[in-house]
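Take a first walk through this protein model.

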Amino acid sequence: MKKQINEYISWIGKTDWELKKFHGDEFTTNKGSSYNAYLIQDEKTVLIDTVWLPYDKEFVKNLKQEIDISKIDAIIMQHGEIDHSGSLVELMREIPDTPIYCTANGVKSIKGQYHQEWNFIPVKTGDTLNIGKHTLKFIEAPMLHWPDTMFTYMEGADVLFSNDGFGQHLASEYLYADEVEQSVLWEQALTYYANILAPFGLLVNKKIQEILGMNLKIQMICPSHGLIWRKNPEQIVQKYLEWANNYKENQITILYDTMWNSTRKMAESIAEGIQEVDKKVTIKIMNTSRDDKTEVLTEVFKSKMILVGSPTVNNGYLHSIAGILEMIRGMKLKNKKAAAFGSYGWSGEAVGQITESLKKSGFEIINDGMKQMWTPDEEMKKQCIEFGKSMIENEKENV
Ligand code: FEO
């Protein structure tokens with residue numbers, strides 16, 4: 001249902017309490033999400049974005065309850081991904097000639113998905129659309145989240161519609177970020193950034209600098225997922241600048257998978273060694289086949305160092321480690337250290353292969369890793385503890 005934001009703008013999106021997976025099964029959304037579409041009723045009536053395909057009929061029905069949809073003068077599609085464009089077919093069936101403003105790449109992505117010759121009006125950064133008392137200014141924002149993404153600034157109202165940027169996968173009965181439990185809000189904002197925008201840190205940084213350079217007065221940031229930033233919207237902008245600049249906390253994350261618990265025991269002893277010499281560092285130990293991969297990637301994003309362990313099986317490593325290494329590669333992280341470990345019975349290739357993968361993914365490799373044959377005994381446990389200690393010693397040497 002429509003929720004009024006100010007005299008001219010209302011939220012007309014869909015809160016998806018049930019959503020547990022996003023991007024297929026790639027992203028876990030245990031807190032649900034929302035697809036935020038916005039309706040602007042100035043002298044002209046403008047719709048910014050739509051909602052995900054399964055809710056298309058509900059969306060159009062809701063719109064019809066609020067306005068005569070034939071009176072929509074313009075649709076702004078800030079991003080073609082289906083969670084925002086999914087209701088277009090249902091909507092355009094009724095108002096086929098309504099202009100759709102989007103970037104040139106937006107035309108490609110929407111045409112590519114829906115195969116329709118709608119009335120597209122490609123826009124670039126700086127292009128404007130006067131809607132009466134206000135003017136909409138478009139700002140291309142490629143890779144936040146796709147090459148087609150753009151933001152829309154509403155001059156006069158001082159509102160930035162930022163699509164995926166500054167969003168969170170968080171369903172809420174509330175509309176504004178200041179109304180919800182802050183720890184949950186920030187955890188979801190960080191999880192969203194780490195899992196969706198982390199690979200594009202350089203572009204995020206550049207785009208924010210560009211927007212700051214425009215000296216736009218921004219009183220509110222309206223993203224396409226989650227809560228609206230109403231109070232101090234600059235707080236999420238500042239966070240994005242931190243996250244986009246090789247973010248790391250004083251944290252070491254140990255990832256492992258295990259067949260008969262030897263590699264798990266190694267992980268625990270390595271953690272013991274780290275803690276013996278550094279009581280302040282946060283240590284997270286995660287089993288990649290049991291822990292949620294979205295949480296794993298978030299912890300990797302927060303870490304200054306990761307240690308990745310797998311036993312050797314069939315001359316390689318376990319599939320959950322392969323999956324997580326591939327996801328880590330895609331994050332394009334910089335300025336983080338890594339090492340590998342694992343047990344083996346016969347050939348023992350996994351540690352070298354994991355090390356190679358981490359190196360290719362841009363990690364600074366601390367050493368050749370630690371491999372142990374068969375089950376760790378007391379002596380081998382001590383070696384793991386020493387290995388853990390050496391991780392911190394390496395840190396100190398490099399300060
Ligand atoms: Fe929320 Fe990139 O779509």
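**Charged pairs, cores and a surface patch**

The structure holds 18 salt bridges. The model is a predicted one.

Start with glutamate 276 and lysine 389. Their side chains meet in a salt bridge, at 3.2 Å from N to O. Glutamate 276 sits in helix H8 (residues 262–277) and lysine 389 in helix H12 (residues 378–397), so this pair ties together parts that are 113 residues apart in sequence. The two ends differ in cover. Glutamate 276 is partly exposed, at 42% relative accessible area. Lysine 389 has a relative accessible area of 16%. Buried means under 20%, so lysine 389 counts as buried.

Now look at helix H10 (residues 319–331). Arginine 329 and glutamate 326 both lie in this helix. They are three residues apart, about one turn of the helix. A salt bridge joins them, and the closest N and O atoms are 2.8 Å apart. Arginine 329 is partly exposed, with 42% relative accessibility. Glutamate 326 is partly exposed too, with a relative accessible area of 43%.

Lysine 111 pairs with glutamate 117. In this salt bridge the closest N and O atoms are 3.2 Å apart. Lysine 111 is partly exposed, at 30% relative accessibility. Glutamate 117 is exposed, at 67%. Elsewhere, salt bridges link Lys57, Glu90 and Arg93 in a network.

Next, go inside. The largest nonpolar core has 85 residues. Leu63, Ile75, Tyr240, Trp243 and Phe301 have the most contacts inside it. Helix H5 (residues 182–197) gives the largest share of this core, nine residues. Neighbours within four places in sequence aside, tryptophan 243 is in contact with Trp186, Ala189, Leu190, Tyr193, Ile236 and Phe301.

Which residues make a nonpolar surface patch of about 430 Å²? They are Trp346, Met373 and Trp374. Find tryptophan 346 in the loop between strand S20 (337–344) and helix H11 (350–360). Tryptophan 346 has a relative accessible area of 73%. Exposed means over 50%, so tryptophan 346 counts as exposed.

How values were computed. Residues numbered from 1 in each chain as written. Predicted model: local features only at pLDDT ≥ 70, side-chain atom pairs only at ≥ 80, totals over all residues. Heavy atoms only, no water. Patch = residues over 30% accessible without salt bridge, like charges linked within 9 Å, V, L, I, M, F, W, Y side chains within 5 Å. Areas by Shrake-Rupley, 256 points an atom, 1.4 Å probe, with all protein chains shown as cover. Salt bridge = Lys/Arg side-chain N within 4 Å of Asp/Glu carboxyl O. Helix = DSSP H or I, 4+ residues; strand = E, 2+ residues; numbered from the N terminus. Buried < 20%, exposed > 50% of the residue type's maximum accessible area, 1.4 Å probe, protein only. Core = buried A, V, L, I, M, F, W, Y, C linked by side-chain atoms within 4.5 Å. Contact = heavy atoms within 4.5 Å.
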